[in-house]
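Subject: Structure handover

Hello,

Here is the structure we discussed, for you to look over. My notes on what was found follow it.

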Amino acid sequence: MSNNSDFKSVKIYVPEGSLGVGIFPEEIGVAMARKPDAIALDAGSTDSGAAYLAKGVSKNNKRAVKTDLELIMAAQAEAGIPILIGTSGQAGGDLNLDWTRDIVLEICREKGYTPKIALLYSEQSPKLIKQKLAEGKISNLPPLGDMTEEMIDDCIHIVALMGPEPYFDALDAGADIILGGRSSDPAVIAAFALWKGAPAGPSWHAGKVSECGGQATSAATGQRGVFFEVHEDGFDIEPCDPAFKATVNSISGHLLYENKNPWVLTEPGGELDVTNSQYEQLTDTKVRVTGSVWHPKPYTMKLEGASGKLFQTIIIVGITDPNVLAEPQVFHDRMVDILHMRALSATDAVDGEFHISVRMYGWNGVSGVPPKEGTQTPREIGAMCVITANTQEMASEIAKACNPYFFHMPIRDGMEMPSYGLAFSPADIDRGPVYQFELNHVVSVDNGTELVRMKMIDTAENKENVDA
Amino acid sequence: MPKVREVCRTVRSKVAGPFWVTMDLMFDSQESYDLYSQSPALNAEAIGNVYSVDPAEVMHFPVPKLKVLKISYPRKTPQGGVEERDLHSGQQYTYILDLELS
């Protein structure tokens, strides 16, 4: 890290809430004119579920990610300031990171850029996690219980959430572009300021507020950027586009967002405490934040693991039949019973080893809870049958057995056989595995880099690496 | 007795990691916040009852400067499970809009 005594202030440009959502190109010129010292942003989150970690794929499409990278890499090449990107490829697993690396290398080839690229890998082997478990280095977070070896074996990929320290190492090594695996969003955005010796409380707080880009401003969307300056007493933050505003309410309110505790934020290596933070409206568009405190704690990294043990097949029908619409709940309960019996009689499925759920969209598809007596009935219902089993073959087998019942079942016996509205042929859709997060645990480490592997690519000197 | 929807300008819910849900009740005035943010209709037992979770795990965070009451609770089933119906938990707030506040 740089010498603390040299520190005066540091300016960070956060171009968007997450790489690939779509930077507004006109904002880049405005932001770069303010002479930022670094560009920092995240490229993912767990919010969209475990599939992206389990499969090692991005949620965003390649063209969108490439367009955003082209914009910030052009700014990087011109200004010579580093780019720091966390949680590459949505989940930050090794596959997600390599996917992002390949896009960056493709742009280097196409544009003739020659940056030094640092890759920070934070995926963990099951063997190492089992060893940490045996050494008593793993603790559980509520609401899950203790970790077991079986939980580890269930995971397709496991990542550890990085703090800023691996980014310090990459900056020390002279990286122009740092692509991180799974990282704390505030850590990536705060890393450059911390590396420059900025005070920890304001740096982390600025990182937290900026993690969704312009969402913390009147722009109210992560497609917009924010710009902040950390100084000795705090930080000043404003939107990139002067058409928007940062206000005391918008900035202080951001600690509420996707965060279960609005006062104390647990991060790798410590806690950010904003209980006594002061917010001051400096100009129409800019807010100053002071009084944020960082409490160092014994270093832990949060573990995330994704499993895909069960498989689903779905069928969807649209219903406008007035007999069904008059009594949707009766129809639902009868359907679930009949499909369950059909699965048992027409397949090799064993009771308890499969699950059938019918979701009546338009009635109670989202809540699943029977509506109150007297609730107005809908004009249409979209019914989705979700069949879950231990293998895709079995889920598919059950769906095929249930198919004629699902779209032909009358609400009462003896009625003319209805045919509800299928949209597709075949009607049953194999959906693949049910991806779930398995771990909610932290691992104690000696320091923030113990579980992280760094790889450097010097695109100027090592051409064969570029083509790799 | 007003309903939640009548004294809040915004109510929202979202996942806070794969195992928790957090809700923000943004009251429409200082008066509403003072009168209703501590209503028994929003206490741990009541919220636990609406979402079928243990009241001991329901957390309340009053944020008076913003006239916001934040309530966090563990997800009944982990995100993306067999019976998932609201992956981002973005619709969960709707089930408290009609709670009557005293």
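Helices in these notes are DSSP runs of H or I with at least four residues, strands are runs of E with at least two, and both are numbered from the N terminus. With that convention, helix H1 of chain A spans residues 25–33, and A:Lys35, which follows H1(A), has a positive phi near 55°. Please keep in mind that this is a predicted model.

Chain A overall

The secondary structure of chain A comprises 14 helices and 22 strands. Along the principal axes, the C-alpha atoms of the chain fill a box of roughly 85 × 50 × 45 Å. Of its 468 residues, 51% are buried. For contacts in chain A between residues at least 6 apart in sequence, 76% connect residues at least 24 apart.

Helix H1

Which residues of H1(A) are buried? They are A:Glu27, A:Ala31 and A:Met32. The three share one side of H1(A), because they cover an arc of only 125° around the axis.

Two helix pairs

Helices H7 (residues 165–172) and H8 (residues 185–195) of chain A pack with their axes 9 Å apart and at an angle of about 55°. That angle makes H7(A) oblique to H8(A), and the crossing is right-handed. From H7(A), A:Tyr167, A:Phe168 and A:Leu171 meet A:Val188, A:Ala191, A:Phe192 and A:Trp195 of H8(A). By class, the residues of this contact are seven nonpolar, no polar and no charged.

In the second pair, helix H12 (residues 328–346) and helix H13 (residues 392–408) of chain A cross at roughly 135°, and their axes come within 9 Å. The crossing of H12(A) and H13(A) is right-handed. On the H12(A) side, the contact is made by A:Ile338, A:Leu339, A:Arg342, A:Ala343 and A:Ala346, and on the H13(A) side by A:Ile398, A:Ala401, A:Cys402, A:Tyr405 and A:Phe406. Nine of the residues in this contact are nonpolar, none is polar and one is charged.

A:Met341

A:Met341 also lies in H12(A). Is A:Met341 buried or exposed? A:Met341 counts as exposed because it has 11 other C-beta atoms within 10 Å, and the cut-off for exposed is 12 or fewer. Its C-alpha atom is separated by 35 Å from that of A:Gly145, which is 196 residues away along the chain.

Contact between the chains

Chain A has 31 residues in contact with 31 residues of chain B. On the side of chain A that touches chain B, helix H10 (248–253), strand E17 (354–361) and strand E20 (428–437) of chain A each supply at least two residues. Strand E20(A) gives the most to that side, with four residues. By class, the side of chain A that touches chain B has twelve nonpolar, 15 polar and four charged residues.

Regards

Technical notes:
Residues are numbered from 1 along each chain as its sequence is written. Chains are lettered from A and ligands numbered from 1 in the order in which they are written. This is a predicted model: local features need pLDDT of at least 70, side-chain atom pairs count only at pLDDT 80 or more; totals for chains, interfaces and linings use all residues. A residue is buried if 20 or more other C-beta atoms lie within 10 Å of its own, exposed if 12 or fewer, and partly exposed in between; C-beta atoms are placed from the backbone. The arc is that of the directions from the helix axis to the C-beta atoms. Two residues are in contact if their C-beta atoms, placed from the backbone, lie within 7 Å. Ala, Val, Leu, Ile, Met, Phe, Trp, Tyr, Cys and Pro count as nonpolar, Asp, Glu, Lys and Arg as charged, and the others, Gly among them, as polar. Axes are lines fitted to C-alpha atoms, for helices over the stretch in contact, and angles run from 0 to 180 degrees between N-to-C directions. Angles under 35 degrees count as roughly parallel, over 145 as roughly antiparallel, 65 to 115 as roughly perpendicular and the rest as oblique. A crossing is left-handed if the near helix is turned anticlockwise from the far one by less than a right angle, and right-handed if clockwise.
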